[in-house]
Amino acid sequence: MEREVQAVPERRELLYEGKAKQIFATSDPKLYWVRYKDDATAFDGKKRATIAGKGELNNRISAIFFDRLGQAGIPHHFVRRLSPTEQLVRKVTIVPLEVVVRNRAAGSMARRLGLEEGMVLTRPIVELYYKDDALGDPLVNDDHALVLGWVTEAELAEMKRLALAVNDVLQAVLIERDVLLVDFKLEFGRTDSGQLLLADEISPDTCRFWDRNTLEKLDKDRFRRDLGGVTEAYQEMLRRLGGTDDGQ
C-alpha cells in the first residue's frame, strides 16, 4: 500500500532555535517545519563546533527510526522528510523532561556511580532529567516530576512504557546491523488535544551506538571525547540503516 502524499504547507516564522535544530511555524496550525543544523554542542553548550553534513545525517537517520517506530505502533510527531536537512512534524508542546533509557553503563551514569563503561545492565534503567540548560539538565525522580506538575501520573507511566517499547524496537533493528544500543534520550510532547507523542529526534546525537564486534563508538561521544571521525561515524550509522535514502 502506497503512502498518501500530503501537500506541503508553507514555511513561516522561526519559533525556536535550539542547539541542533530550528523550529518554524507553517500555514497548517497543526504542523511544524524542522531544520536540522550542522552545529554540535556538548557539556551543556560549553563545547561547540560545526560539523559539515551532521544536520543532513541526523535528519535522515531520525526519519528512518521514526518510520520503524511508527510501523511498530509507537505514536510520534514525525510526518515526512522534506529535504536533506528538513522535516515536517506534528505540533506538540514539549514535556520538560528527558527520558533516558540505559542498557549499559556509560556517560553520566558510569561517572556518577563509579561503574565500568560498557557494563551490561540486568534490565534497562529509565532515568528522568529536568530540561533546563542553565541547571545542567539535572537528574530528577518521579516525585519531582509529579509534585512540580511537569506530568500527570498517567503521562509519566505512558512515557516510561513508550520509552521501553522504543528500546525493544530499536534494539531489534540495530542488532541485525551489528550495532549495540548502549543508551538513548527521548523527549515527548503533547498535542493540542492532549495526546502524548514521541518527539524531538533519534540520532547519533541522542543515542550511544557501539559497533557490536569492536565496540567502536558511532555517535556523538566521538565529538565529546575528541576521538575524531564524527562525520564518518554518523555516515556509517546511516549506511547500516539502509543507505542515504530512506525512501521518502
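Which residues in H4 are buried? They are Glu155, Leu156, Met159, Leu162, Ala163, Val166, Asn167, Val169, Leu170, Val173 and Leu174. The structure is a predicted model.

**Helix H4**

- Helix H4 covers residues 153-175, which makes 23 residues.

**Aromatic pairs**

- Three aromatic pairs are present in the structure.
- Tyr130 and Trp150 form a stacked aromatic pair, with 4.3 Å from centre to centre and 5° between the planes.
- This pair links distant parts of the chain, 20 residues apart: Tyr130 belongs to strand S9 (residues 120-130), whereas Trp150 lies in the loop between helix H3 (142-147) and H4.
- Trp150 has a relative accessible area of 14%; because this is under 20%, Trp150 is buried.

**Arg11 and two rings**

- The charged end of Arg11 sits over the ring of Phe24, at 4.9 Å from the ring centre.
- Arg11 also lies over the face of Trp33, where the distance to the ring centre is 5.7 Å.

**Lys19**

- Lys19 is found in the loop that lies between strand S1 (11-17) and strand S2 (21-26).
- The relative accessible area of Lys19 is 34%, so Lys19 is partly exposed.
- Neighbours within four places in sequence aside, Lys19 is in contact with Lys37, Asp39, Thr41 and Asp133.
- With Asp133 there is a polar contact between the two side chains, at 3.5 Å.
- Between Lys19 and Met109 there are 90 residues of separation in sequence and 23 Å in space, C-alpha to C-alpha.

**Ile61**

- Ile61 has its place in helix H1 (residues 54-71).
- Ile61 counts as buried because its relative accessibility is 0%, and the cut-off for buried is under 20%.
- Apart from neighbours within four places in sequence, the contacts of Ile61 are Ile202, Ser203, Pro204, Tyr234, Met237, Leu238 and Leu241.
- Ile61 and Glu232 are 171 residues apart along the chain, and 14 Å separates their C-alpha atoms.

How values were computed. Residues are numbered from 1 along each chain as its sequence is written. This is a predicted model: local features need pLDDT of at least 70, side-chain atom pairs count only at pLDDT 80 or more; totals for chains, interfaces and linings use all residues. Side-chain values use heavy atoms; hydrogens and water are left out. Helices (H or I, at least four residues) and strands (E, at least two) are DSSP runs, numbered from the N terminus. The expected span of a helix is 1.5 Å times one less than its number of residues. Buried means under 20% relative accessible area, exposed over 50%, partly exposed in between (1.4 Å probe, protein chains only). Contact means heavy atoms within 4.5 Å. A polar contact is a pair of N or O atoms within 3.5 Å; within protein, one must be able to donate a hydrogen and the other to accept it, and residues adjacent in sequence count only if both atoms are side-chain atoms. Rings of Phe, Tyr and Trp (its six-membered ring) pair if their centres lie within 6.5 Å; planes under 30 degrees apart count as stacked, over 60 as edge-to-face and the rest as tilted. A charge sits over a ring if NZ of Lys or CZ of Arg is within 6 Å of the ring centre and within 35 degrees of the ring normal.
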